[in-house]
Amino acid sequence: MRRKIPSTSALMAFEAAARHQSFTRAAQELSLTQSAICRQIIALEESLGVALFRRTRRGVLLTEAGAGYSRRIAARLDAIAHDTLAVMAQQGAGSTLELAVVPTFATRWLLPRLGDFQYRHPGVTVNMRTQTRPFLFGQTEFDAAIYCGDGGWPGTQARFLMPEQPVPVCSPALPGARAGMTPEAIAGLPLLQQSTRPHAWRQWFEAMEVPQAHGMQGMRLELFSMLAQAAGQGLGVALIPPFMLARELAAGELMVLCDRSYESGRAYYLIAPEERAGQPALAVFSDWLAQQAQQGAG
């Protein structure tokens with residue numbers, strides 16, 4: 001059956017006009033005339049049987065249908081551009097692995113080790129984009145994701161990598177801070193909170209059997225990398241997994257106040273949809289990743 005798909009030129013004209021809310025600026029971007037953009041959009045509206053723009057004295061405005069269509073079309077045009085670049089880069093050889101990764105894990109743990117994977121598997125290219133929350137693989141081009149949680153992601157296979165196990169860290173310059181502090185003493189220091197783990201400090205103090213009335217107070221930051229930066233600036237004590245702080249700990253920019261952690265129930269997993277789990281590039285990457293995580297734990 002023949003698919004009802006508008007021409008790419010019409011979709012590109014519509015996406016540009018929708019983004020700029022202007023036929024003139026869309027024409028400038030695409031190196032076309034304004035009348036050419038107008039003809040493409042009129043043809044698209046006639047094909048769909050739906051008005052995508054409202055013409056006003058001051059220009060054009062998206063209709064409700066046009067706004068929804070533009071969001072979907074923009075995502076699909078981006079995906080086509082991405083796939084085209086991937087094919088051009090591979091020149092018909094090798095494999096590409098599209099990976100979603102939580103940000104700090106990507107920059108502080110995975111990227112410093114990725115050269116070893118490239119050396120061992122030169123035919124596999126790993127592309128990465130950060131993603132902080134679960135998503136539906138069927139609506140993306142991702143082959144797999146490195147995710148921190150409980151591993152319960154419906155319709156996928158999860159391979160355990162390492163537990164999170166955060167410990168209290170801070171700058172040696174923080175007043176009152178020293179290595180080997182007791183949990184009771186740490187309770188008297190300013191705390192840095194992670195907005196995605198709002199109960200972390202309270203859970204840590206509970207695990208240490210320390211009553212703490214202020215376990216949820218303090219500056220809130222989203223990412224471990226932001227917490228590390230704030231702790232390094234002497235703004236307080238942060239709960240961060242040590243494997244994300246190799247450079248700062250080695251350089252003496254941060255220190256571990258107490259090496260006791262707690263069972264947060266969170267760990268890092270490589271997640272892949274069941275139908276892609278046997279993909280050769282993913283299989284070799286999964287084995288290499290698990291080996292790296294095991295070596296790091298050792």
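Colleague: Why does Ser70 count as buried?

Modeller: The model is predicted, so local features need pLDDT of at least 70, side-chain atom pairs count only at pLDDT 80 or more, and totals for chains, interfaces and linings use all residues. Residues are numbered from 1 along each chain as its sequence is written, and side-chain values use heavy atoms, with hydrogens and water left out. Buried means under 20% relative accessible area, exposed over 50%, and partly exposed in between, with a 1.4 Å probe and protein chains only. Ser70 has 14% relative accessibility, so Ser70 counts as buried.

Colleague: Where is Ser70 found, and in which helix? What does Ser70 touch?

Modeller: Ser70 is found in helix H4, residues 64–90. Helices are DSSP runs of H or I with at least four residues, strands are runs of E with at least two, and both are numbered from the N terminus. Leaving out residues up to four places away in sequence, Ser70 touches Phe14, Ala18 and Leu62. Contact means heavy atoms within 4.5 Å.

Colleague: Is Arg133 buried or exposed, and why?

Modeller: Arg133 has a relative accessibility of 55%, so Arg133 counts as exposed. Arg133 is found in the loop between E4 and E5. From C-alpha to C-alpha, Arg133 and Gly149 are 9.7 Å apart in space and 16 residues apart in sequence.

Colleague: Why is Ile146 called buried?

Modeller: The relative accessible area of Ile146 is 2%, so Ile146 is buried. Ile146 is found in strand E5. Not counting residues up to four places away in sequence, Ile146 touches Leu99, Ala100, Val101, Val102, Phe105, Leu110, Leu161, Tyr269, Leu270 and Leu289. One of these, Leu161, is 15 residues from Ile146 in sequence, and the C-alpha atoms of Ile146 and Leu161 are 9.2 Å apart.

Colleague: What is the strand order of the open sheet?

Modeller: The five strands come in the order E4-E3-E5-E12-E6, and their pairing is mixed. Two strands pair if DSSP finds at least two bridges between them.

Colleague: Why is one side of E4 and of E6 left without a neighbour in the sheet?

Modeller: Strand E4 (124–130) and strand E6 (156–163) stand at the edges and each has a single partner strand, so one side of each has no neighbour in the sheet. From one strand to the next, the twist averages 25 degrees.

Colleague: How many bridges pair E5 with E12, and in what sense?

Modeller: Strand E5 (residues 144–149) and strand E12 (residues 267–273) pair over five bridges in the antiparallel sense. Ala145 has Ile271 in E12 as its bridge partner. Helix H5 (residues 103–120) packs on the sheet, touching strand E3 (95–101), E4, E5, E6 and E12. The direction of H5 makes about 170 degrees with that of E4. Axes are lines fitted to C-alpha atoms, for helices over the stretch in contact, and angles run from 0 to 180 degrees between N-to-C directions.

Colleague: Why are H1 and H2 called oblique to each other?

Modeller: Angles under 35 degrees count as roughly parallel, over 145 as roughly antiparallel, 65 to 115 as roughly perpendicular and the rest as oblique. The axes of helix H1 (residues 8–20) and helix H2 (residues 23–30) cross at roughly 125 degrees and come within 8 Å. H1 and H2 are therefore oblique. Their contact has seven nonpolar, one polar and three charged residues. Here Ala, Val, Leu, Ile, Met, Phe, Trp, Tyr, Cys and Pro count as nonpolar, Asp, Glu, Lys and Arg as charged, and the others, Gly among them, as polar.

Colleague: What makes H1 and H3 roughly perpendicular?

Modeller: The axes of H1 and helix H3 (residues 34–48) cross at roughly 105 degrees and come within 9 Å. H1 and H3 are therefore roughly perpendicular to each other. The contact of H1 with H3 divides into eight nonpolar, two polar and no charged residues.

Colleague: Which term applies to H2 and H3?

Modeller: The axes of H2 and H3 come within 8 Å and cross at roughly 105 degrees. H2 and H3 are therefore roughly perpendicular to each other. Phe23, Thr24, Ala26, Ala27 and Leu30 in H2 meet Gln34, Ile37, Cys38 and Ile41 in H3.
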